[in-house]
Amino acid sequence: FCKFLFQIALTAVGILFLVGLVNPWLLLPILFLSIVFVNLRQFYLKTARDVKRLEATSELLSCDMLFALD
């Protein structure tokens, strides 16, 4: 798995290098989009973690209510 990940990373770096070599102006949107992607990723991970926590809490409360009826 690490070998595959390393190969993908090197391929991406090579592609970015060639794009920058042929047309350096394309590096600016790539940089901007990379920053946006990283921020969206962090937002998604934080939100997904909060949703999982909320689901676990609601399941726990519904189980407590169900057992309280007995």
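## The annotated stretch

Let's start with what the record says: UniProt, in an unreviewed entry, places a "transmembrane region" at residues 6–39. The structure you are looking at is a predicted model, so please keep that in mind as you read.

How does the chain fold over residues 6–39? In the model, this stretch is 88% helix and 0% strand. Its end C-alpha atoms are 23 Å apart.

## Helix α1 and its surface

Now look at helix α1, which covers residues 2–22. Val13 has its place in this helix, and Val22 is found there too.

Are these two valines buried or exposed? Val13 has a relative accessibility of 54%, so it counts as exposed, because the exposed class begins over 50%. Val22 is exposed as well, with a relative accessible area of 72%.

Val22 also belongs to a group on the surface. Together with Phe17, Leu18 and Leu21, Val22 forms a nonpolar patch. The accessible area of these four residues together is about 480 Å².

## Salt bridges in helix α2

Next, turn to helix α2, which runs over residues 27–68. How many salt bridges does the structure hold? There are two, and Asp50 takes part in a salt bridge with Lys46 and in another with Arg53.

Take the pair of Lys46 and Asp50: the closest N and O atoms are 3.6 Å apart. Both residues lie in helix α2, and the spacing of four residues is about one turn of the helix. For Arg53 and Asp50, the N to O distance is 3.0 Å. This pair also lies in helix α2, three residues apart, again about one turn of the helix.

## How open are the partners?

The reasoning is simple: partly exposed is the class between buried, under 20%, and exposed, over 50%.

Conventions. Residues numbered from 1 in each chain as written. Predicted model: local features only at pLDDT ≥ 70, side-chain atom pairs only at ≥ 80, totals over all residues. Heavy atoms only, no water. Helix = DSSP H or I, 4+ residues; strand = E, 2+ residues; numbered from the N terminus. Buried < 20%, exposed > 50% of the residue type's maximum accessible area, 1.4 Å probe, protein only. UniProt positions renumbered as here; feature names shortened; annotations may be inferred. Patch = residues over 30% accessible without salt bridge, like charges linked within 9 Å, V, L, I, M, F, W, Y side chains within 5 Å. Areas by Shrake-Rupley, 256 points an atom, 1.4 Å probe, with all protein chains shown as cover. Salt bridge = Lys/Arg side-chain N within 4 Å of Asp/Glu carboxyl O.
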